[in-house]
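Subject: A structure for you to look at

Hi there,

Here is the structure I promised to pass on. Have a look at it first, and then read on for what turned up.

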Amino acid sequence: MREERSHSIEEAQEEEEEVQEEEEEVQQQKGMQQQRRGGDAEIRCGKEEPAARIHRSDPPLRDRLPEHISRHGGAEILPEPEAGLRGPGRVWFWIRGRADEPLDEEGKVSASFQKKVQSKIKDLLQQMEEGLKTADPHDFSTYTGWTGIALLYLQLHRCSQESSHLQRALDYVKRTLRTLNGRKVSFLCGDAGPLAVGAVVHHKLRNTEESRDCLDRLVLLQSSVLSDSDLSDELLYGRAGFLFALLYVNREMGEHTVEESTITQVVSAILDSGKSLSQDQKKTERCPLLYEWHRKQYLGAAHGLTGIFYMLLQPGARVPADVLSEFVRPSIDYVRHKKFRSGNFPSSLSNESDRLVQWCHGSPGVIHTLLMAHQVFQEDKYLKEASDCSEVIWQRGFLRKGYGLCHGTAGNGFVFLSLYRRTKERKHLFRACKFAEWCLDYGTHGCRIPDRPYSLFEGMAGTVYFLSELENPEASCFPAFEL
Ligand SMILES: [Zn+2]
């Protein structure tokens with residue numbers, strides 16, 4: 001399938017290419033550094049990355065300060081990493097005392113920043129609606145298609161309580177329900193997404209019969225989830241992605257909307273599959289639950305182990321405590337030990353390159369699992385590690401790949417919202433705001449344009465979703481993933 005190619009084999013090829021590019025870049029920079037020794041002033045901020053530079057030919061910094069600051073003086077310029085940001089090829093400064101600081105004195109998102117965010121949301125929504133006129137009419141998926149757009153309007157309704165948003169969600173849901181094809185079962189890429197979102201939208205509109213119909217069809221998918229031995233377990237295409245749909249419906253419509261036995265059977269299938277591969281690979285001592293996708297043992301949230309563990313840790317999945325401590329916890333600890341010194345995680349067990357920092361591969365996905373592990377096992381080491389690992393996202397998470405959720409800046413910004421929710425630390429909310437600020441300049445960073453530029457997981461809808469969370473960061477929730 002096209003979408004499978006776009007996120008598995010092509011992604012893997014892309015990874016390889018990126019590693020090569022990275023190596024060439026580093027070699028080139030080594031050469032340049034030798035030539036320039038004593039020449040350019042350098043600011044080094046990360047141990048393992050090429051440093052960003054200010055060239056002597058650049059205009060003096062004071063000329064680039066906002067007028068009111070240079071006129072009145074007293075602004076303090078702090079180089080990162082203490083308080084600054086670095087984007088690709090640029091050095092960013094945070095200027096203490098700026099009038100447009102995103103947080104107010106109480107540490108909440110300031111009214112002026114909220115205003116800017118709201119105005120950008122309006123602007124991007126318009127662009128998105130215009131752009132969607134030429135989008136693939138048959139793509140019903142949450143990941144790149146119409147269900148993702150319905151999910152965005154559900155979120156906007158949650159924020160504003162405006163009935164027009166709920167109506168919009170219904171329009172998109174109706175469109176998706178006409179085009180299901182029965183080929184896949186996950187929330188993000190299969191029929192479970194449209195059916196679950198359809199059940200929720202109809203439920204909110206009190207269309208009981210239509211909601212029931214969607215639910216029945218969703219639960220019917222269970223037989224293929226259990227019987228298809230070729231089905232993977234990952235979140236994007238596999239059983240964990242179906243499990244998410246069940247848990248999502250229970251969260252939105254009430255705890256027992258989907259019967260406990262339905263959930264338990266899916267969970268058992270995921271556990272059996274993980275135990276079986278671990279045995280085959282003789283890893284039962286170190287990693288008692290092991291999973292693979294296209295014969296590669298990925299670690300990230302979309303295709304990998306941590307996305308599956310994240311679902312198994314959900315209280316709604318009702319995994320017994322002894323199974324959690326005997327199987328899930330040691331497997332999470334096994335992944336933890338694969339961490340790079342930078343705080344990032346490899347994309348798979350066989351990949352040694354510290355390259356990808358995005359929700360689908362690397363720390364930005366893994367951190368959510370560490371936070372869940374902290375919640376479930378009540379051990380501080382998980383929270384500390386989640387916080388420590390987020391530094392690599394602060395340093396390298398402003399991506400040239402775009403502004404989306406899966407492998408873009410918005411998805412990385414969600415890490416700081418989740419950390420803030422758990423810790424209530426001002427630092428994390430500040431950082432989430434700086435990721436949002438980057439998104440406010442949508443399209444000005446020379447980023448790559450994704451294949452589905454308006455979609456929820458690759459494009460603009462995901463950016464709008466992330467921005468909308470700033471209105472109430474305490475209740476933020478990464479769509480199709482967090483519960
Ligand atoms: Zn991705």
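Let me start with a pair of helices. The crossing of helix 8 and helix 9 is left-handed. Please keep in mind throughout that this is a predicted model.

Helix 8 covers residues 192-204 and helix 9 covers residues 208-220; their axes lie 8 Å apart, at an angle of about 155°. Because that angle is over 145°, helix 8 counts as roughly antiparallel to helix 9. On the helix 8 side, the contact is formed by A192, L195, A196, G198, A199, H202 and H203, and these meet E210, S211, C214, L215, R217 and L218 of helix 9. By type, the residues of this contact comprise 7 nonpolar, 4 polar and 2 charged.

Stepping back for the overall picture, the protein chain contains 19 helices and 4 strands. It has 483 residues, and 45% of them count as buried. If you take the contacts between residues at least 6 apart in sequence, 63% join residues at least 24 apart.

Next comes another helix pair. Helix 11 (residues 239-253) packs with helix 12 (residues 260-280) at an angle of about 160°, and their axes are 10 Å apart. That angle makes helix 11 roughly antiparallel to helix 12. The crossing here is left-handed. Helix 11 contributes R239, A240, F242, L243 and L246 to the contact, while helix 12 contributes T262, I263, V266, V267, A269 and I270. Sorted by type, the residues of the contact of helix 11 with helix 12 are 9 nonpolar, 1 polar and 1 charged.

How do helix 15 and helix 17 cross, and within what distance do their axes come? The angle is roughly 20°, and the axes come within 9 Å. That makes helix 15 roughly parallel to helix 17. This crossing is left-handed. In helix 15, the residues P364, I367, H368 and L371 meet G411, N412, V415, S418 and R422 in helix 17. The residues of this contact divide into 4 nonpolar, 4 polar and 1 charged.

Helix 18 is worth a visit too. It runs over residues 426-440, and at 1.5 Å a residue its 15 residues should span 21 Å; the C-alpha atoms at its ends are 21 Å apart, so the two agree. Which residues of helix 18 are buried? They are H428, L429, R431, A432, C433, K434, F435, A436, W438 and C439. The cover over these buried residues includes helix 5 (111-132), helix 16 (380-396), helix 17 (409-423) and helix 19 (460-468).

Finally, please look at a proline in a loop. P346 sits between helix 14 (321-336) and helix 15 (363-377). Is P346 buried or exposed? P346 has 23 other C-beta atoms within 10 Å, so this residue is buried, the cut-off being 20 or more. Apart from neighbours within four places in sequence, P346 is in contact with L299, K338, F340, N351 and E352. The C-alpha atom of P346 is also 7.3 Å from that of H361, which lies 15 residues away along the chain.

Enjoy exploring, and do write back with any questions.

Best wishes

Key. Residues are numbered from 1 along each chain as its sequence is written. This is a predicted model: local features need pLDDT of at least 70, side-chain atom pairs count only at pLDDT 80 or more; totals for chains, interfaces and linings use all residues. Axes are lines fitted to C-alpha atoms, for helices over the stretch in contact, and angles run from 0 to 180 degrees between N-to-C directions. Helices (H or I, at least four residues) and strands (E, at least two) are DSSP runs, numbered from the N terminus. Angles under 35 degrees count as roughly parallel, over 145 as roughly antiparallel, 65 to 115 as roughly perpendicular and the rest as oblique. A crossing is left-handed if the near helix is turned anticlockwise from the far one by less than a right angle, and right-handed if clockwise. Two residues are in contact if their C-beta atoms, placed from the backbone, lie within 7 Å. Ala, Val, Leu, Ile, Met, Phe, Trp, Tyr, Cys and Pro count as nonpolar, Asp, Glu, Lys and Arg as charged, and the others, Gly among them, as polar. A residue is buried if 20 or more other C-beta atoms lie within 10 Å of its own, exposed if 12 or fewer, and partly exposed in between; C-beta atoms are placed from the backbone. The expected span of a helix is 1.5 Å times one less than its number of residues.
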